[in-house]
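Trainee: I have just opened this structure and would like to find my way around. Could you walk me through it?

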Amino acid sequence: MSSKAKDEPKLPADGIIRDVATGKSYRRGKFLGKGGFARVYELTCVASNQTFAGKIVPKTLLQKLHQREKMKQEIAIHKSLNHKHVLKFHCNFEDAENVYIVLEVCRKRTLMELHRRRKTVTEPEARYFMHQMCDALKYLHESRVVHRDLKLGNLLLNDDLELKIADFGLATLIEKNGDRKMTMCGTPNYIAPEVLTKVGHGFEVDIWALGCILYTLLVGKPPFETESLNETYARIKKNRYSIPETLEKGCPSAVDLIKRMLKDNPFERPTIAQILASNFLNEYFPKSLPTSCLTMAPRCD
Ligand code: ADP
């Protein structure tokens with residue numbers, strides 16, 4: 001079977017997806033996006049008319065035991081979470097063909113599309129997003145969850161442009177204080193040096209990713225980006241990145257925070273509480289953003 005056919009979920013021809021255990025059924029609507037394993041569609045509950053996002057994973061992609069274990073872990077972690085800036089998990093079920101995860105729907109795409117259209121965002125906008133990410137991450141880390149794959153494409157936006165952290169596919173639980181994870185099944189986008197060198201990692205990998213995200217939002221491209229993945233990894237290991245002079249001069253408080261979050265030594269990176277207390281995050285930021293921000297910089301007169 002070609003990989004395309006294997007990846008494509010087989011869905012009921014009448015467009016109705018049934019959760020046999022609860023008797024609930026959902027009407028399949030618009031395609032919302034696709035990830036490594038899943039295709040995501042709008043799902044409307046037939047009884048309540050409430051719309052969700054349905055993450056659909058074909059069982060053909062879950063043939064190996066470790067793939068099923070990973071899916072189970074993603075569901076168990078995501079199900080346990082409840083925070084304004086973490087994508088809400090509604091329920092999960094399966095039929096003969098697929099596993100379904102029913103989630104809060106976010107119709108304004110992700111920070112990836114916003115970045116593609118805008119390239120850079122203004123400092124107040126960056127603070128707006130950083131505050132919401134830090135709020136969610138504080139909650140996750142207090143719940144002993146490390147996300148491990150924070151990236152623009154996993155930061156969803158709802159109709160009010162509120163940010164929601166999504167995709168717990170690489171997340172893990174730190175069971176005992178100080179425990180270090182030695183391995184990871186998958187490749188994060190903003191991979192931290194301690195993951196590349198396999199010396200053990202913990203919560204600090206999320207701070208590294210947050211540093212990469214803030215850099216990307218303000219500079220317009222990721223800090224270690226090159227033409228080849230090997231070269232990018234070599235740069236990450238050498239901690240080789242540069243800060244444009246315009247940012248260095250224009251926003252020293254952001255540069256100071258980025259440099260601290262991108263420390264090679266994970267134990268030298270700030271905690272979420274320290275990030276929230278930083279000068280950068282304590283300057284002005286708006287309480288909400290207009291939808292026009294998705295395509296245009298706000299006027300500042
Ligand atoms: P995978 O785990 O296979 O990588 P993701 O969870 O990253 O899948 O979802 C893939 C894409 O689907 C996302 O990048 C996003 O564009 C879209 N998507 C995921 N969840 C939602 C949601 N709740 N609301 C709207 N779009 C979503």
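Mentor: Gladly, and one definition comes before anything else: helices (H or I, at least four residues) and strands (E, at least two) are DSSP runs, numbered from the N terminus. Residues are numbered from 1 along each chain as its sequence is written. The model is predicted, so local features need pLDDT of at least 70 and side-chain atom pairs count only at pLDDT 80 or more, while totals for chains, interfaces and linings use all residues.

Trainee: Where is Glu227 found, and is it buried or exposed?

Mentor: A residue is buried if 20 or more other C-beta atoms lie within 10 Å of its own, exposed if 12 or fewer, and partly exposed in between, with C-beta atoms placed from the backbone. Glu227 is found in the loop between H6 and helix H7 (229–238). Because it has 7 other C-beta atoms within 10 Å, Glu227 is exposed.

Trainee: Which residues of helix H9 are buried?

Mentor: Helix H9 covers residues 252–261. Seen down its axis, the buried residues fall within an arc of 100°, the arc being that of the directions from the helix axis to the C-beta atoms. They therefore line one face of the helix. Their names are Ala254, Leu257, Ile258 and Met261.

Trainee: Which element gives the largest share of the shell around the ligand?

Mentor: A residue is near a molecule if its C-beta atom, placed from the backbone, lies within 6 Å of it. By that rule 22 residues surround the ligand, and the closest are Gly33, Gly35, Ala38, Val40 and Ala53. The elements that give two or more residues are strand S2 (24–34) and strand S4 (51–58). The largest share, 3 residues, comes from S2.

Trainee: Which residue of S4 is the bridge partner of Val40?

Mentor: S3 and S4 form a hairpin with 5 residues between them, and Asn49 in the turn has a positive phi of about 65°. The residue you want also stands opposite Ile101 in S6. The bridge partner of Val40 in S4 is Lys55.

Technical notes. Pairing = 2+ DSSP bridges.
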